[in-house]
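Dear colleague,

Please find the structure below for your records. A summary of the findings follows it.

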Amino acid sequence: MKRHSLEEQPSETLPVVSPWHRRLGPEWLLWGGIVLAAGAFGATLNLQNRRTALEVLLDVMVISGLTAVPVWARYVTGLNPVRRLFLMIMVGLLFLGQFAHRDLRLFPFINWAMYSGGTPGDAVTHERIFAILDDDSRILINPERLFPSLGMGTHRLANAISQRLNQALVEKDQESTAAFNALLASIFEAQRRFGDHGRAIRSLEVVRVSLPVSKKHGPESSREIVWRWEPS
Amino acid sequence: MMRVLHTGAPPSALTALRVLLFGLWFLKAAFDPIERLILLPSVLFIPPFPLNLLSDAAAGWFAGSFEALVSLRILTALFALLAASGLNIRWTGVPACLLLTVYQALVRSYGHLNHAELALLLSTYVFVGQAFIARTPRLREKQAEHTLITVTFLFCLTYTLVGAKRFAFGGLDVFLLPLMEGWSVNMASRVSYWDFGWGRYAAESALFAGMLRMGFVVGSIMELFAPFALVWRPFRLAFVAVMLPMHAAILMIMNIGFFENMAMFVLFMDMGIRRNQSSCIVLFDGVCHFCNRFVTFLQRRDAGQQLYFVASQSEAGKVLMQQYQISGEEVGRTIYAIEGSRAFSRSTAVLKIVSHLSAPWHFMTCLAVIPRALRDAVYRTISANRYRWFGMASECRIPTAEEKQQFLQTLEEVEAFRSSGDKTPLAGETLK
């Protein structure tokens, strides 16, 4: 079998071999740089954290993997510098928000964390607020419907109620108690104005409900009145 | 063959995205009674940027002032509406973005984030930013394509951030331990805005709990690799097939609605693809105002110039009716789409016709999944009342000089169209 040296091969049949970083696409370095820079921004808190390092690694892996796809690399490298810069800034801000852990300062570039951890238990608890009417009957109040800005599609208000109640029950100081009472007063007022039952409310009662995660193996469900509030 | 999603997207796709983004914000601002937030105690109010730039007193006044919140609501709705209507997006989009940021910061001040709203907000920033870039004439080229790709990429990246965080911080425990069941039972049992509460079944059925965990794993993997939906069609289809039902399931199971995310899934429909490459003759009632308006609508959106129009009252119309054995009575009741040797009528004709249009209009072809009897019933209702609702012209539509290229009027023009084959565009001069 005749072997051709490279010199003998016609030039058009020469395999085009580009450096490895070009084959991956030059942009991946930049993407990776952005992720690392953003990660480093939060270094004071997180870089020594093994889990944060893993998170950065996963992000770099996905972005550089995408950039290794020739059509995407071509698209990004073919972008006008202004458009590319805009894209970089937006991506950079997203990562900055993710790793800087300063939601209040970088809003709306925030930490995207949803259901990424927790402590399993046999039971879960939440709170329910009941209105006690003049005839001693009780109706369940739906705070999320009273404040749709917060409640529609989220559990913002329910979380605030739980958090404030826990603070008031654990710390038992005047400030926490006043804060939770102020929240109940708001709910009372909103229910009076926007609630649909049209009957006078005498007081509010907060009931903590505990439910088993599994009915076969878990504990019995329970209810306990943990707070009472009356308008002054 | 791999291609980047939305490559070659037409300007109409940009319009659709603009209407989607600002339309959703308009609806939110119009129907969300944010002024009720003044009832909440100031102790709950912890403002993020940009409200934290204000002094405590000023921020407190803003959050507690009915007038300020109503003004914010009205202005947000107004600017979102103006931006959605396309009225100078650079002038309306920036105030809209500023107002939306304040609106979102206000809501955020009272508690947990709504990630779906934030994905929409970031997409709105990108849209307005791209509009600013396109201010320079040399950067105006392919604006629709670049805007759609950037918005989709960043939207996907938000999923990646969620997925990476979950895998890094949750590890295997988050999938193996009964956390998902706990969250589902708890969220479903809480008093929520929505009350579907299917999550309660997780406590009763091991099968349901197992399905939840499996869905959580699959959804998390999809989230992590979301940006690949931009370049790899099979993954994109799988992503939509998993994530869209997953968002719906989260609403049903945990009473949490990712409505904005679900609406933004239209971004995964490739706006750069033209569905139908063949030519089509539209045989319509030339004296009907409604039909004439529809024809004008089609002309404006037929970027590939594949549609040719024939009024049933014209000479060409009569020839086609004879050839396709369409009675005069019938053509008065329905529009016809003629593709090759086949003539389609009623709603099927409309769907055939819109399949020739540029994005997003050609996506209406998905309405073909509705049974024909139902579609035709709607069509018949409109058809039967079209003269009464929209009026009738005394004579047949005469095409203007610009329209003549797409209108066939005489027997010769029809024959020339036939002999030129489907793919040859018609030019008035070459016909005669």
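Among contacts in chain A between residues at least 6 apart in sequence, what percentage join residues at least 24 apart? The figure is 62%, where contact means heavy atoms within 4.5 Å.

This is a predicted model, in which local features need pLDDT of at least 70 and side-chain atom pairs count only at pLDDT 80 or more, while totals for chains, interfaces and linings use all residues. Residues are numbered from 1 along each chain as its sequence is written, chains are lettered from A and ligands numbered from 1 in the order in which they are written, and side-chain values use heavy atoms, with hydrogens and water left out.

Chain A

The secondary structure of chain A consists of ten helices and four strands; helices (H or I, at least four residues) and strands (E, at least two) are DSSP runs, numbered from the N terminus. Along the sequence their order is α-α-α-α-α-α-β-β-α-α-α-α-β-β. Of the 232 residues in chain A, 47% are buried (under 20% relative accessible area, with exposed over 50% and partly exposed in between; 1.4 Å probe, protein chains only).

The axes of helix H3 (residues 50-67) and helix H5 (residues 81-100) of chain A come within 12 Å and cross at roughly 160°. Axes are lines fitted to C-alpha atoms, for helices over the stretch in contact, and angles run from 0 to 180 degrees between N-to-C directions. H3(A) and H5(A) are therefore roughly antiparallel (angles over 145 degrees). From H3(A), Thr52(A), Glu55(A), Val56(A), Asp59(A) and Ile63(A) meet Phe95(A), Gln98(A) and Phe99(A) of H5(A).

Ser176(A) lies in helix H10 (residues 174-194) of chain A. Its relative accessible area is 6%, so Ser176(A) is buried. Leaving aside residues up to four places away in sequence, Ser176(A) touches Gln167(A), Ala168(A) and Glu171(A). With the side chain of Glu171(A), the side chain of Ser176(A) makes a polar contact of 3.1 Å (a pair of N or O atoms within 3.5 Å; within protein, one must be able to donate a hydrogen and the other to accept it, and residues adjacent in sequence count only if both atoms are side-chain atoms).

Chain B

His6(B) is in the segment before helix H1 (11-31) of chain B, and is buried at 0% relative accessibility. His6(B) and Ile149(B) are 143 residues apart in sequence, yet their C-alpha atoms are 6.3 Å apart. The side chains of His6(B) and Thr152(B) are joined by a polar contact of 3.4 Å.

Notes: Angles under 35 degrees count as roughly parallel, over 145 as roughly antiparallel, 65 to 115 as roughly perpendicular and the rest as oblique.
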